[in-house]
Amino acid sequence: MQKIKSLFVLLVALIAFTPVMVAAAEKIAVIDFAGAIFASDAAQQRAKDASEGSDFVALKAKYEGSAADFQALAKEAESKRLTWSQEQAADHQKKMEYAKADAELAGRKIQAEQKQLQQKIMQDLGPIAQQALQEVIAEEGVTILLRAESVMIASPESNLTAKVADRLNQKTK
């Protein structure tokens, strides 16, 4: 009977620790794939070039000008509204709404330009980054790869984002 109990305890212990032993044999890593791409020198240069382009600069100036106009009109309304007639107040309110709408439109255009640039960078650099990721996975002996945003805690050594970005830099030079 004692042998059966000890055999049963040994069997339970083996079953309980098998997942731990299997996990120890696996190398788990995490990656922020988009982060690796956007951290690369090529993506940074494209973003810089786009932000210095004449169209983007003009759009940003339009946004800043409209936002400044709205703030100036709001400040003027605050200081003078008690002296205005209803018609003057309505006209001023209309000017403020136009300035606000202009600023919002320019802001949406800026966001659309940035999103389009991000998509273009992902489209252009994605295949090269995928190749870089495969090489880093092979070199590191990774058997399980998880998205960084899916993991609550990961040691810096298990994060391949910087290594993939460095490899991408080497491939795009």
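A crossing of two helices counts as right-handed if the near helix is turned clockwise from the far one by less than a right angle, and as left-handed if it is turned anticlockwise. Keep that in mind for the first pair. The model here is a predicted one.

Start with α3 and α5. Their crossing is right-handed. The two axes come within 11 Å and cross at roughly 150 degrees. Angles over 145 degrees count as roughly antiparallel, so α3 is roughly antiparallel to α5. Which residues of α3 make the contact? They are A42, A43, R46, A47 and A50. From α5 come L117, K120, I121, D124 and L125. Sorted by class, this contact holds 7 nonpolar and 3 charged residues, with no polar ones.

Now turn to α3 and α4. Helix α3 covers residues 41–52, and helix α4 covers residues 54–80. Their axes come within 5 Å and cross at roughly 60 degrees. That angle makes the two helices oblique to each other. On the α3 side, A50, S51 and E52 make the contact. On the α4 side, S54, F56 and V57 do. This contact has 3 nonpolar residues, 2 polar and 1 charged.

Stay on α4 and find Y63, which lies in this helix. Next, look across to A106. Y63 and A106 are 43 residues apart along the chain, yet their C-alpha atoms are separated by 5.1 Å. Leaving out residues up to four places away in sequence, Y63 touches A103, A106, G107 and I110.

In soluble globular proteins, nonpolar side chains tend to be buried together. The largest nonpolar core here has 11 residues, among them A29, I31, A36, L133 and V164. Which elements give two or more residues to this core? They are β1 (28–31), α5 (86–140) and α6 (161–172). The largest share, 4 residues, comes from α5.

Pick I31 from this core. Among the residues I31 touches are L133, L160 and V164, again not counting residues up to four places away in sequence. I31 also touches R147, N159 and T161.

There is a second, separate core of 7 residues. It includes A42, A43, L125 and L168.

Technical notes: Residues numbered from 1 in each chain as written. Predicted model: local features only at pLDDT ≥ 70, side-chain atom pairs only at ≥ 80, totals over all residues. Heavy atoms only, no water. Core = buried A, V, L, I, M, F, W, Y, C linked by side-chain atoms within 4.5 Å. Buried < 20%, exposed > 50% of the residue type's maximum accessible area, 1.4 Å probe, protein only. Contact = heavy atoms within 4.5 Å. Axes fitted to C-alpha atoms, helices over the stretch in contact; angles between N-to-C directions. Parallel < 35°, antiparallel > 145°, perpendicular 65-115°, else oblique. Nonpolar A, V, L, I, M, F, W, Y, C, P; charged D, E, K, R; others polar.
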